[in-house]
Amino acid sequence: MHTLPLKAACFATLPNTFYSTIKPEPLNQPYWIAVNETLLQELNMPSESFQTASNLAYLSGSATEYQPQPIATVYSGHQFGGYTPRLGDGRALLLGETPDEHGKAWEWQLKGAGKTPYSRFADGRAVLRSSVREYLCSEAMHGLKIPTTRALALVGSDDGVYRETMETAAVVTRIAPSFIRFGHFEYFFYTGREAELKTLADFVIAHYYSECREAENPYLAMLQTVAGRTAETVAAWQSVGFCHGVMNTDNMSILGLTIDYGPFGFMEGYDRRHVCNHSDHEGRYAYHAQPYIAHWNLAALANCFESLVPEKELNDLLEQWPDTFQTAYLKRMRPKLGLLTEQADDAELIADMFAALQDKKVDFTLFFRKLSEVSNVHDDALPSELMALFGEHNSQLFVRWAGRYRQRLRAENSGHTERKQRMNQANPLYVLRNYLAQQAIELAQRGDYREIERLRRCLANPFDARPEFADFAQPAPEWAEGIAVSCSS
């Protein structure tokens, strides 16, 4: 019998119109690929009793009995701007929940454990390639202090799964306080089931937004909180060059978490129009478009609350959101530049900096680390390692910007040593570059899983330089330009 301390998820207390009970589909001869020891500790689970044969069976969908009964939830959503009436957990199963060291409840999901009533024409499986990427990026985002689902374990099987070609199967155990999405509300709104929509809203308020219960209109207060959390998360994405790739409303968390890691990517050379999803031919979800799409998605969510919140208040919330986002964005960006004060021209200073990076497609991550080396002395030479990022010919656009930047640092009387320390705690040295994930995937496909754990350990603390991870702090090699990541997984 498994030793996992799972109890029924609170979502299962909702009426059964919100979900279906599921029996997972077993994998043949599953095996462990990775276990997140850090997260095990946070969940008060001893690692020595976790990697057992019975737990392996349970987390691969292969146990003979599941108690509590797994469920798959129903939702809909706007995908690339078009509404799809019925989506749901097509390959995700909610196993139950367990408390962490602080008593906070975390839901457990298996991703890739077989078909559900919402799989449509799909097989309900996930492949090793995409599962490694989700496992690593979930923890990379947590290390970056960006709200996210977490990854607890990764198991595999030699069972074949066909995508563009034949691949092997894998199952990720992922956890979150809740996996409720904007699309859950859309499903009940567009099917005219207002009573159930209200039930869901009441559930979310009771379990996750209890502070909203005392508001004059708790539903408006909830939406305002969701809007604020969404702004914070997307601002955090922008600040580290992260592109989600598929910001459909069914991939938007009601808690403002980063959820559903598919064709994501961290930018290499800065390009505001960068598209990380090979399938996004129109660039709907390009880097620069992410804040606008978040706003669009919030409008789709707000539309569902027309019977619970007056139209004017919904419109006011949406009209105010660009300012909410800009405030969150500047709050993230000022520490990256080592700025201590707020000035009226901060947005212009940051925009002009990115214009200089765009001019030379400068490495996003390394630029901010090297920027910390700039002194505030007017005549000092700019750091050679920083200028090398701009190529053989120095960027006059950046040199002019650096003069303004130094003037700002002098106005703040910003000491170089202390500022460098602050900036290096705001600017990661390590991110999950596509080529690093690809290298780990290719090793895993040959049965070598050590690079997955090595990357996870590095990305858990992406700010402090460590010699053992020096190879993870390098820009992408030329061959990495050929990596194409699509929605297929």
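Start by selecting Asn 251, which counts as buried because its relative accessibility is 11%; buried means under 20% relative accessible area, exposed over 50% and partly exposed in between, using a 1.4 Å probe and protein chains only. Before going on, a word on the ground rules: this is a predicted model, where local features need pLDDT of at least 70 and side-chain atom pairs count only at pLDDT 80 or more, while totals for chains, interfaces and linings use all residues. Residues are numbered from 1 along each chain as its sequence is written, and side-chain values use heavy atoms, with hydrogens and water left out.

Strands (E, at least two residues) and helices (H or I, at least four) are DSSP runs, numbered from the N terminus.

Which residues does Asn 251 touch, leaving out those up to four places away in sequence? Pick out Arg 181, His 244, Val 246, Ile 259 and Asp 260; a contact here means heavy atoms within 4.5 Å. Now zoom in on the side chain of Asn 251, which reaches the backbone oxygen of Val 246 at 2.8 Å.

Next, select Asp 260, in the loop between E11 and E12. Asp 260 counts as buried because its relative accessibility is 14%. Its side chain makes a polar contact of 2.5 Å with the side chain of Arg 181. A polar contact is a pair of N or O atoms within 3.5 Å; within protein, one must be able to donate a hydrogen and the other to accept it, and residues adjacent in sequence count only if both atoms are side-chain atoms.

What does the record say about these two? An unreviewed UniProt entry has a "binding site" annotation covering Asn 251 and Asp 260. Of this set, Asn 251 is in the lining of the largest cavity. UniProt positions follow the numbering used here, feature names are shortened, and annotations may be inferred rather than shown by experiment.

The unreviewed entry also places a "binding site" at residues including Lys 111, Arg 174, Arg 181 and Asp 260. Jump to Lys 111 in strand E7 (residues 105–111). Is Lys 111 buried or exposed? Lys 111 is buried, with a relative accessible area of 10%. Its side chain and that of Glu 134 are joined by a polar contact of 2.7 Å.

Last stop: the cavities. The largest has a volume of about 80 Å³, and its lining includes Thr 230, Trp 237, His 244 and Asn 251. A cavity is a set of points, on a 1 Å grid over the protein atoms alone, where a 1.4 Å probe fits but cannot get out; lining residues have an atom within 4 Å of a point. Grid points are joined across faces, edges and corners, and a volume is the space filled by probe spheres set on the points.

To finish, select Phe 11, Asp 89, Glu 107 and His 184, among the residues lining the second largest cavity. That cavity has a volume of about 60 Å³.

Technical notes: On a 1 Å grid over the protein atoms alone, a cavity is a set of points where a 1.4 Å probe fits but cannot get out, and a pocket is an open set with protein on both sides within 12 Å along at least five of seven lines; lining residues have an atom within 4 Å of a point.
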